[in-house]
Amino acid sequence: MKVIVTGGAGFIGSHIVDALIARGHQPFVIDDLSSGSPKNLPQGVPLFVTDLRQGSRIREIFEEVRPDWVSHQAAQMSVSRSVREPVFDAEVNVLGLLNVFDSAAAVGVKRIVFASSGGVLYGDVSVPTAEDYPAAPISPYGISKWVGEKYLEFFARERGMQGVALRYANVYGPRQNPHGEAGVVAIFCQKLLAGQAPIINGDGKYIRDYVYGPDVALANALAMESTLPTHFDAFNIGTATPTDVNQLASCVRDQLIALRAQEGIQLNLPEMNYGPARAGDLRSSLVSPARAAAHLGWKPGFDLAQGLKETVRWFATQAAQ
Ligand code: NAD
């Protein structure tokens, strides 16, 4: 199938491109390269460098490609920027999203899979949350993800397509941009490899659900390929495994120590530093992937140690270049 992947030059989007190619599909990427890079893409994948906010150009691309499916990953990703600049957040995450959904409907796209977010929808939860837990977004970013799901449901119902929202937990892995605020694993890897002490905000006891990027990409491919009975559905994509930030930091260090022993690389590992807690950070966020297992046949393939091993190795290779 022909698939337009918005944000396909970014972290998760580029793993989706890889998964689609491996499964015999033909991806086309729309990305403004604001945080993504063409280096994340395999050679030969068509890349349209365009901002989602340019509605008429988005329509032209859809008319040129005429995709069967769409994977909508591109977004303004920063919760704190969404608080500082709610208009910009909505321009990209709501109006940009509408440009994509409206163009998709105009050319007869059969299914759109949308990158939503578990944490920002469910708020502070101490047990793994199911999809019917009431959404209560508190940031403009969270509100825009919720609105995006509602628009997808509308387009699916009214414009003869199917919509699938995937509510990701905390995604990590190779190619994650360490300059964003979401990628704590990427930040830890990059800092430690540079011999600098990463800062843990607060007491480090904040619980998160970490899921490996290529596993999330597989969930996206399955969400496109699966037979689904309804016009719209939402699935959590996470592991339901609680990990606090102190444990995460120590797992990253363990993997770096193992890599140092195996490869004989020079590496001074500083201790972690603690800084003030960030306003608005959730104490706990976990999602249950039971529905994704039942309806999409998806389950995470990598546990945290396996995923971190791959991630640390990738960041070490980047640091050596
Ligand atoms: P990323 O920054 O690596 O990818 C986003 C991509 O979108 C980048 O390539 C960027 O250049 C592109 N982009 C941004 N604004 C654009 C615009 N106006 N026009 C065109 N392209 C634009 O981030 P990611 O972690 O790969 O996130 C992908 C999606 O997953 C996002 O929608 C994000 O909200 C969602 N998500 C991510 C996480 C996580 O933990 N990483 C968790 C929940 C949801």
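Which residues does Thr243 touch, not counting residues up to four places away in sequence? They are Tyr206, Ile207, Arg208, Tyr210, Leu248 and Leu304. Keep in mind as you explore that this is a predicted model.

Thr243 itself is found in strand S12, which covers residues 243-244. With a relative accessible area of 7%, Thr243 is buried, as the cut-off for that word is under 20%.

## The sheet

Now let us turn to the sheet. Seven strands form an open sheet with parallel pairing, and their order is S3-S2-S1-S4-S5-S6-S11. At the edges are strand S3 (47-49) and strand S11 (232-237), each of which pairs on one side only. On average, neighbouring strands of this sheet are turned by 20 degrees against each other, with direction ignored.

What holds such strands side by side? Strands of a sheet pair through backbone hydrogen bonds, either parallel or antiparallel.

Is S5 enclosed or open? Seven of its seven residues are buried, so S5 is largely enclosed by the rest of the structure. In a regular strand the side chains alternate between the two faces of the sheet. Both faces of S5 are covered: one side has Arg111, Val113, Ala115 and Ser117, the other has Ile112, Phe114 and Ser116, and all of these are buried.

S5 has a partner in strand S4 (residues 69-72), and the two pair in the parallel sense over four bridges. Here Val70 stands opposite Ile112 of S5. S5 is also joined to strand S6 (residues 162-168) by seven bridges, and these two strands run parallel. Along this pairing, Val113 stands opposite Val164 in S6, while Ser117 has Tyr168 in S6 as its bridge partner.

## A closer look at Phe114

Phe114 lies in strand S5. This residue is buried, with a relative accessible area of 3%. Which residues is Phe114 in contact with, leaving aside its neighbours within four places in sequence? The list is His72, Leu97, Phe101, Lys145, Gly148, Glu149, Leu152, Val164, Ala165 and Leu166.

One of these contacts is Lys145. Phe114 and Lys145 are 31 residues apart along the chain, and their C-alpha atoms are separated by 9.3 Å.

## Helix H1, the sheet and helix H8

Helix H1 lies across strand S1 (2-6), strand S2 (26-31), S4 and S6, and runs at about 170 degrees to S1. H1 (residues 11-22) also packs with helix H8 (residues 213-225): the angle is about 60 degrees and the axes are 8 Å apart. That angle makes H1 oblique to H8. The crossing in which H1 passes H8 is right-handed.

Which residues bring the two helices together? From H1 come Phe11, Ile12, His15, Ile16, Ala19 and Leu20, which meet Gly213, Pro214, Val216, Ala217, Asn220 and Met224 in H8. Sorted by class, the contact of H1 with H8 has nine nonpolar, three polar and no charged residues.

Key. Residues numbered from 1 in each chain as written. Predicted model: local features only at pLDDT ≥ 70, side-chain atom pairs only at ≥ 80, totals over all residues. Heavy atoms only, no water. Axes fitted to C-alpha atoms, helices over the stretch in contact; angles between N-to-C directions. Parallel < 35°, antiparallel > 145°, perpendicular 65-115°, else oblique. Left-handed = near helix turned anticlockwise from the far one by under 90°. Contact = heavy atoms within 4.5 Å. Nonpolar A, V, L, I, M, F, W, Y, C, P; charged D, E, K, R; others polar. Buried < 20%, exposed > 50% of the residue type's maximum accessible area, 1.4 Å probe, protein only. Pairing = 2+ DSSP bridges.
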